[in-house]
Amino acid sequence: MTHLVGFYPGSFDPVTNGHLDVIERACKLVDVLVVAVGISATKKNPLFAHAHRLALLEQVLAPVGRRTDTEFRIVEFSGLMVNAARENGAKLIIRGLRDTTDYNYEMQMVGMNAQMAPDLQTVFLPSSPPVRHISATLVRQIAEMGGDISAFVPQIVLKALKSQ
């Protein structure tokens, strides 16, 4: 029996409760979820180094995997996301949507990706209302200014930030 593999890309800087909301629901769709941390030369001043983000995801997702009986693979990628998805055996690309701005951007990406990789399907998972407002960019900005981000990130991320 083959396992359905999903691919959930992002920067995860930091991993937020919004990301976890999408991941939890993606677990209901796939047997294996590849959580892919993109390496971007254009992102300046990351909150966490790339290797630290990978380690945080490992810690945060371990209990989710046990609870949902989902296998997680945490990988890094650079270059085209569709190539990374294929390299990891994915058939579904998982994308979270918070609002219509996300939808409009993601629809453009779906069109481009479909031209490059018609074998991959994109699934949109709307964020649940309690986390819909959470953006990693805003969380990063609040953290950089010394604000309290405890309502927006898992405790593991909060502890990691305090120990930096």
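**Close-up 1. Salt bridges in the predicted model.** In this predicted model, the structure holds seven salt bridges. Side chains of opposite charge can pair when their charged atoms come close. One of the bridges is formed by R140 with D13, whose closest N and O atoms are 3.8 Å apart. This pair links distant parts of the chain, since R140 belongs to helix 5 while D13 sits in the loop between strand 1 and helix 1, 127 residues apart. R140 and D13 are both buried, and together with R53 they are linked in a network of salt bridges.

Close-up 2. Because R67 lies in helix 2 and E24 in helix 1, the pair ties together parts that are 43 residues apart in sequence. Are the two partners buried, partly exposed or exposed? R67 has a relative accessible area of 54% and is therefore exposed, whereas E24, at 25% relative accessibility, counts as partly exposed.

Close-up 3. The side chains of R95 and E106 meet in a salt bridge with an N to O distance of 2.7 Å. R95 is part of strand 4 (residues 92-97) and E106 is part of helix 4, and the two residues are 11 residues apart. E106 has a relative accessible area of 6%, so this residue is buried.

Close-up 4. A pair of aromatic rings is described by the distance of the centres and the angle of the planes. The count for this model comes to three aromatic pairs. In one of them, the ring centres of F7 and F77 are 5.9 Å apart and the ring planes stand at 65°, which is over the 60 degrees required, so the pair is edge-to-face.

Close-up 5. A cis peptide bond joins D13 and P14, and its omega is about 0°. P14 is found in the loop between strand 1 and helix 1, and F12 lies in that loop too. The phi angle of F12 is near 50°, a positive value in a residue other than glycine. With a relative accessibility of 2%, F12 counts as buried because the value is under 20%.

**Close-up 6. Helix 1 and residue H19.** Helix 1 (residues 17-26) is mostly covered, as seven of its 10 residues are buried, including G18, L20 and V22. At the start of the helix, a side-chain oxygen of T16 reaches to within 3.2 Å of the backbone nitrogen of G18. H19 lies in helix 1 and is buried, with a relative accessible area of 15%. The side chain of H19 reaches the backbone nitrogen of T16 at 2.9 Å. Which residues does H19 touch, not counting those up to four places away in sequence? They are Y8, F12, P14 and A136.

**Close-up 7. S127 and its surroundings.** S127 lies in the loop between strand 5 (121-126) and helix 5 (136-144). At 4% relative accessibility, S127 counts as buried. Leaving aside its neighbours within four places in sequence, S127 is in contact with D21, V22, R25, L97, R98 and R132.

Close-up 8. D69 has its place in the loop between helix 2 (50-68) and strand 3, and its phi is near 60°, a positive value in a residue other than glycine. At 72% relative accessibility, D69 counts as exposed. M112, which lies in helix 4 (residues 100-116), also counts as exposed, at 55% relative accessibility. Together with L80 and M116, M112 makes a nonpolar surface patch of about 300 Å².

Notes. Residues are numbered from 1 along each chain as its sequence is written. This is a predicted model: local features need pLDDT of at least 70, side-chain atom pairs count only at pLDDT 80 or more; totals for chains, interfaces and linings use all residues. Side-chain values use heavy atoms; hydrogens and water are left out. Buried means under 20% relative accessible area, exposed over 50%, partly exposed in between (1.4 Å probe, protein chains only). Helices (H or I, at least four residues) and strands (E, at least two) are DSSP runs, numbered from the N terminus. A polar contact is a pair of N or O atoms within 3.5 Å; within protein, one must be able to donate a hydrogen and the other to accept it, and residues adjacent in sequence count only if both atoms are side-chain atoms. Patches are made of residues with over 30% relative accessible area and no salt bridge: like charges are joined within 9 Å, nonpolar side chains (Val, Leu, Ile, Met, Phe, Trp, Tyr) within 5 Å. Accessible areas come from the Shrake-Rupley method with a 1.4 Å probe; for residues, only the protein chains shown count as cover. A salt bridge is a side-chain nitrogen of Lys or Arg within 4 Å of a carboxyl oxygen of Asp or Glu. Rings of Phe, Tyr and Trp (its six-membered ring) pair if their centres lie within 6.5 Å; planes under 30 degrees apart count as stacked, over 60 as edge-to-face and the rest as tilted. Contact means heavy atoms within 4.5 Å.
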